[in-house]
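This report covers pockets, surface, backbone geometry and salt bridges. The sequence and the model come first.

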Amino acid sequence: MDQRLAHYEIKDLIAIVTIDNPPMNSLNVATKEAIDKTFMELDERRKEIRVVILHGAGEKAFAAGADIKAFLELNPETAKRRLTRSHQVYSSVEDFEWPVIAAIHGFCLGGGLELALCCDIRYATENAKFGFPEVNLSVFPGNGGTNRALYHMPLGRVKELTYTGAMIDANEALRYGLIEKVVPDGNVIDASIELAEKIMKKGPLGVAAAKKVLNRSRDLSLKQGLELESDLWANLTASEDMKEGAQAFIEKRKPTYRCR
């Protein structure tokens, strides 16, 4: 595999993306750019993919936040420019056509947690640790954390984690709604692949359309969300896959989807 700060491999329609900036997979500018480049390459190969798994290399962390040394060089203008670019990179993960599963182990803090929140589903090992420690540096989550965390937790809980910089374990994160499943240490990739294989058995165009609706509807009124839902649903009736799925159900057989 490519030995960049972020790299990937594709096997059996599953792309496994690895953040590889040891020892803590710090999300400095170069690492974020590598993540963006990786997802751009995956977009070009999206016909070879149905699910993406995102994880961190090594044993210590999924991703443990930003490069703190770089903070000393910032001023309001450069900080705004850097955050704007970070938002674009994170959105490339969130808006990727196929589902993205975060396979989390070790530390998932600050920008690392914000990146995990861009993924569709989050599985974590028992030893995983989560938090927004930015207030310890007199800043706050600026890579989308204060917004995306609200999709998963009540406002009061988000404020508690943000204001205190507290670190919570995987079981607390599960109770809070930050993650969907806790698995034994060392098993998160296998568990994520098992989930990916379940998703891959379903109609790919339906899964992709569902992702668009679920992501976009967060920012829409109910009326607007229903309109988007009906538009994308109706468009799927022109696909071969929808006809195949319905015919296979009637004939009591497994469908063969061709993503068209």
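## Terms and basis

The model is predicted, so local features need pLDDT of at least 70 and side-chain atom pairs count only at pLDDT 80 or more, while totals for chains, interfaces and linings use all residues. Residues are numbered from 1 along each chain as its sequence is written, and side-chain values use heavy atoms, with hydrogens and water left out.

A pocket is found on a 1 Å grid over the protein atoms alone, as an open set of points where a 1.4 Å probe fits, with protein on both sides within 12 Å along at least five of seven lines; its lining residues have an atom within 4 Å of a point. Grid points are joined across faces, edges and corners, and a volume is the space filled by probe spheres set on the points. Helices (H or I, at least four residues) and strands (E, at least two) are DSSP runs numbered from the N terminus.

## Largest pocket

The largest pocket holds about 610 Å³ of space. Its lining has 27 residues, and the closest to the centre are Ala66, Phe71, Leu83, Val139 and Asn143. By class, 15 residues of this lining are nonpolar, seven are polar and five are charged.

At least two lining residues come from each of helix 1 (29–44), helix 2 (76–94) and helix 3 (111–116). Helix 2 gives the most to the lining of the largest pocket, with four residues.

## Second largest pocket

The second largest pocket has a volume of about 270 Å³. Among the 16 residues that line the second largest pocket, Asp120, Ile121, Lys211, Leu214 and Asn215 are the closest to its centre. Strand 7 (121–125) and helix 8 (204–217) are the elements that give two or more residues to this lining. Helix 8 gives the most, with five residues. The lining divides into nine nonpolar, two polar and five charged residues.

## Nonpolar surface patch

Ile68, Phe71, Leu74, Leu137 and Val139 make a nonpolar surface patch of about 370 Å². Patches are made of residues with over 30% relative accessible area and no salt bridge; like charges are joined within 9 Å, and nonpolar side chains (Val, Leu, Ile, Met, Phe, Trp, Tyr) within 5 Å. Accessible areas come from the Shrake-Rupley method with a 1.4 Å probe, and for residues only the protein chains shown count as cover.

Leu137 is in the loop between strand 8 (129–131) and helix 4 (145–148). Its relative accessible area is 43%, which makes Leu137 partly exposed (buried means under 20% relative accessible area, exposed over 50%, partly exposed in between).

## Backbone geometry

Most residues other than glycine have a negative phi, and most peptide bonds are trans. Pro22 and Pro23 are joined by a cis peptide bond, with omega about 5 degrees. Pro23 is placed in the loop between strand 2 (14–19) and helix 1.

Leu13 has a positive phi, near 70 degrees. Leu13 belongs to the loop between strand 1 (6–11) and strand 2, and is partly exposed at 34% relative accessibility. Ser138 also has a positive phi, near 65 degrees. The loop between strand 8 and helix 4 contains Ser138, which is exposed, with a relative accessible area of 68%.

## Salt bridges

A salt bridge is a side-chain nitrogen of Lys or Arg within 4 Å of a carboxyl oxygen of Asp or Glu. By this rule the count is 15. In the bridge between Arg46 and Asp43, the closest N and O atoms are 3.4 Å apart. Arg81 and Glu77 meet at 3.7 Å, N to O; these two are four residues apart in helix 2, so about one helical turn separates them. Both Arg81 and Glu77 are exposed.

Glu94 and Arg218 form a salt bridge with the closest N and O atoms 2.7 Å apart. Glu94 lies in helix 2 and Arg218 in the loop between helix 8 and helix 9 (222–236), so the pair ties together parts that are 124 residues apart in sequence. Glu94 is buried at 8% relative accessible area, whereas Arg218 is partly exposed at 32%.

Note on methods:
Ala, Val, Leu, Ile, Met, Phe, Trp, Tyr, Cys and Pro count as nonpolar, Asp, Glu, Lys and Arg as charged, and the others, Gly among them, as polar. Buried means under 20% relative accessible area, exposed over 50%, partly exposed in between (1.4 Å probe, protein chains only).
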